Amino acid sequence: MIRPYIFLFILLFFTRCKTRISEAEFEKNVFDEIFPALLVATCIDIRKYRSPPPINYNDRNFRIDEDGNVIIFDSSLVSKKDLQNLAVWKLQMDSIDSDTNKVVIGFNPTLLPIVEEIDYARRFLRDTVLVVRSTSSLVLPFKKDIVIPPFKIVTDLKQQEKNRLSFSRILFNKSKTMGVLDVGFTCSGNCGKGYFVPIKKGFNGKWFVSKVRNTWIS
């Protein structure tokens, strides 16, 4: 009489394992689908973060509008040197768009569970009561040297020590139609941003990145 119970136990055990594997594969598939959108929404092309050169204005040739923007009335009253510096800066910014060189970013495909602002995360999920947070890591089947202009993603972290990108695992709602994750990006070793990224499944069955919330900046 004991054998049927043992068989049932083994069957339930392997069924549960299979379910866990399926959930992991589901999460990997979602990451594969939204990876390009995550890059665009959270990564920084540090080359474009150069501020324009200062221009010495005076009260005769400019004013500031309601949004704080400078409106120049007569550019001839601005020094020739300032105008030349501004023109060079604009050319440099334009050249970046046509530059074939990529911003190389190191990415560790081993993702840890989401731990920050978990209560805030659940505000984005409709059936929050039944959400179960993952407690294990997840390794993405990440291929090396993925190019999504203007970025090139590499998993060799020694190759790229300055620009780093990291994701947490996704916290899904029960119906797996919504999710949230933490994203961190550091650039040039001394700057960076953190993001809280809600994702949603559209009516067409495709996942997309919803409004991104900044969580920290350095």
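**Close-ups of a predicted chain**

View 1. You'll find Arg169 in the loop between β8 and β9 (171-172); strands here are DSSP runs of E with at least two residues, numbered from the N terminus. A polar atom of the Arg169 side chain sits 3.0 Å from the backbone oxygen of Ser136. Leaving out residues up to four places away in sequence, Arg169 touches Glu27, Ser134, Ser137, Leu138 and Val180, among others (a contact means heavy atoms within 4.5 Å).

A word on the model: this is a prediction, where local features need pLDDT of at least 70, side-chain atom pairs count only at pLDDT 80 or more, and totals for chains, interfaces and linings use all residues. Numbering runs from 1 along each chain as its sequence is written, and side-chain values use heavy atoms, with hydrogens and water left out.

**View 2. Asn163, in the loop between β7 and β8.** This loop joins β7 (151-154) to β8 (164-167), and Asn163 is in it. Is Asn163 buried or exposed? Asn163 counts as buried, because its relative accessibility is 9%. The Asn163 side chain reaches the backbone oxygen of Val104 at 3.1 Å. Its contacts, not counting residues up to four places away in sequence, are Val103, Val104, Ile105, Gly106, Thr186, Cys187 and Ser188.

**View 3. The second largest pocket.** Its volume is about 320 Å³, and 18 residues line it. Leu112, Ser166, Phe167, Ser168 and Asp182 are the lining residues nearest the centre. On a 1 Å grid over the protein atoms alone, a pocket is an open set of points where a 1.4 Å probe fits, with protein on both sides within 12 Å along at least five of seven lines; lining residues have an atom within 4 Å of a point.

View 4. Mean pLDDT (the predictor's confidence in each residue, from 0 to 100) is 77 for the chain, and 69% of its residues reach 70 or more. Strand β12 (residues 207-209) has the highest confidence, at a mean of 95, while strand β1 (residues 62-64) has the lowest, at 63. Over residues 11-15 the pLDDT is below 50, and this stretch has zero contacts in the model beyond near neighbours in sequence. Where pLDDT is low, the predicted coordinates should not be read in detail.

Definitions and conventions:
Helix = DSSP H or I, 4+ residues; strand = E, 2+ residues; numbered from the N terminus. Buried < 20%, exposed > 50% of the residue type's maximum accessible area, 1.4 Å probe, protein only. Polar contact = N/O pair within 3.5 Å; in protein donor to acceptor, adjacent residues only side chain to side chain. Points joined across faces, edges and corners; volume = space filled by probe spheres on them.
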